Amino acid sequence: MLDIGALIQRWQAGDERAAEALYNHHRDSVFRLAYGLLGNAVDAEEVAQDALTYALVNINRYDPDRASFATWLHIITVSRCRDRHRRRRWPNLSLTAWLQRGRDIPDLVPGPESRTIQAETRSQVWEAVQALSRPLREAILLRYWAGHTYREMAEILDCPVPTAQSRVRLAYKQLRVTLAPASLVDLRGEKA
Amino acid sequence: MNSHLSDKQLIGYSHATLTDAEREAMDSHLADCPHCRARLAEHEGLQRLIHHSLLADLRTVRPSPDMKFAAIAPRLKRPGFAALWQQSRQLFPAAAAMVAVTGLVVALTGLIESVNRLAVGLHPLSAGPLPTVACVLFAIPVMGNYYESRTVPLRSVASGVLAFILWAGTAVLGLYEIILVREMLFRICTRLWSRSGGYGMDYWRAVALGNWAALPLAIVWIALVIGGGEYHYKRAGQRSSWKLFGWTITAELLILILPLLV
């Protein structure tokens, strides 16, 4: 069992091996949260690297009395994912990309995204969660996947506790409508 | 509770979002009602399905081999000035509070000066640069905190105190702006109505209009102070609170420059 507090102290004192241990311990969780929120492995990887770098560089700003290190990382990750969503709203105007249109040679070697997707079998629940609006998707992932309390969710989502609760309930109601036939089959299977 | 429980109640129950009293009332109903127990079990089953499916789906997703510590290690090396900057950032809450308190004192001085001028019968269309200076002083900690809260929107006593000072400061500026708008209306009316440039009946009509205009402005001010206070109280230290302060200060700055157009 890793002692996260001790690792943080060692990294604050400048021990790079402690930073590496912190990184390796939280890498998958941060990546998966970003992937769940963005639905895209390439973006998720960029966001996760950025969030982990930010957390490690600003380790002196982390206060263990306020939140666990994992919660702090989730605050940073959700914030970065929102930034990414905001940027997606604007059309990507790149002169160099426009000039290179039609000159790209297709890459036959699978990239990180296709490698990741090949390894998945998506469930209907996953598709239904991805179809939710951004605030509801954040709420359902933080509650059902990450298992955060409503208080932690309020900190991560930057909203009051009742708002976090109502988002979870609303997201659940929408999922219930979408999954109604599938869930009945699965529940019957579960009982049998 | 004789009738069956609603879906809303069952969803609240299974998501643990009810008060203790509501939960106890439902517990006693559920103990006697197999129909509601079955419906609750259905909700809990669906919740388990969502939970397990998400765990299973995301367990299969792994980052590419390129995502490793070595890729970010060079960015973690901290040169001397960067470490110094990191240390100096710890002083930010105290510095922000000092700037905000200075802004509050400046805003109060501007307000008192305007009220004094009103008391001796002068028309204070401006209290000099003091309110504008106060606005700028308020904007500094608000912008700093808005930026910082991008990643650390956690509540703290310091941010609560700072929010209180800013709330009081923007309220003082609001009071000053009521006087300002009243005087602007007075000036506009005297210009429009004055036939000979002297202070005849038109002068008193303009004073009366200014006074009446102050009444709805005061009501709006009270509503904004109470509503804003409640909003900041619930969200002190959060990004949304700093954002609202930002918009408030921007609006107050815009009103402050209005006299330049009159």
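In this predicted model, the buried residues of helix H9 of chain A are Tyr150(A), Met153(A), Ala154(A), Glu155(A), Ile156(A) and Leu157(A). Because these make up 6 of the 8 residues of the helix, which runs over residues 150–157, H9(A) is largely enclosed by the rest of the structure. Just after H9(A) comes Asp158(A), whose phi is positive, at about 60°. One of the buried residues of the helix, Tyr150(A), also has a charged side chain placed against its ring: Arg143(A) lies over the face of Tyr150(A), at 4.0 Å from the ring centre. Another arrangement of this kind in chain A involves Arg80(A), which lies over the face of Tyr54(A) at 4.8 Å from the ring centre.

Rings also meet other rings in this model. A pair of aromatic rings is described by the distance of the centres and the angle of the planes, and over all chains the count comes to 8 aromatic pairs. Among them is the pair of Tyr62(A) and Trp72(A), whose ring centres are 5.4 Å apart and whose planes meet at 40°, so the pair is tilted. Tyr62(A) lies in the loop between helix H3 (41–57) and helix H4 (69–89) of chain A, while Trp72(A) belongs to helix H4 itself, and the pair therefore ties together parts that are 10 residues apart in sequence. Tyr62(A) and Trp72(A) are both buried.

A tilted aromatic pair is also formed in chain B by Phe164(B) and Trp167(B), with 5.8 Å from centre to centre and 35° between the planes. Here both residues lie in helix H8 of chain B (residues 157–193), 3 residues apart, which is about one turn of the helix. An α-helix has 3.6 residues a turn, so residues three or four places apart point the same way. As for solvent accessibility, Phe164(B) counts as exposed because its relative accessibility is 53%, over the cut-off of 50%, whereas Trp167(B), at 28%, counts as partly exposed. Back in chain A, ring pairs link Phe31(A), Tyr35(A) and Trp126(A) into a cluster.

The last stop is Arg39(B), which has its place in helix H3 of chain B (residues 34–59). A polar atom of the Arg39(B) side chain lies 2.7 Å from the backbone oxygen of Leu5(B).

Note on methods:
Residues are numbered from 1 along each chain as its sequence is written. Chains are lettered from A and ligands numbered from 1 in the order in which they are written. This is a predicted model: local features need pLDDT of at least 70, side-chain atom pairs count only at pLDDT 80 or more; totals for chains, interfaces and linings use all residues. Side-chain values use heavy atoms; hydrogens and water are left out. Buried means under 20% relative accessible area, exposed over 50%, partly exposed in between (1.4 Å probe, protein chains only). Helices (H or I, at least four residues) and strands (E, at least two) are DSSP runs, numbered from the N terminus. Rings of Phe, Tyr and Trp (its six-membered ring) pair if their centres lie within 6.5 Å; planes under 30 degrees apart count as stacked, over 60 as edge-to-face and the rest as tilted. A charge sits over a ring if NZ of Lys or CZ of Arg is within 6 Å of the ring centre and within 35 degrees of the ring normal. A polar contact is a pair of N or O atoms within 3.5 Å; within protein, one must be able to donate a hydrogen and the other to accept it, and residues adjacent in sequence count only if both atoms are side-chain atoms.
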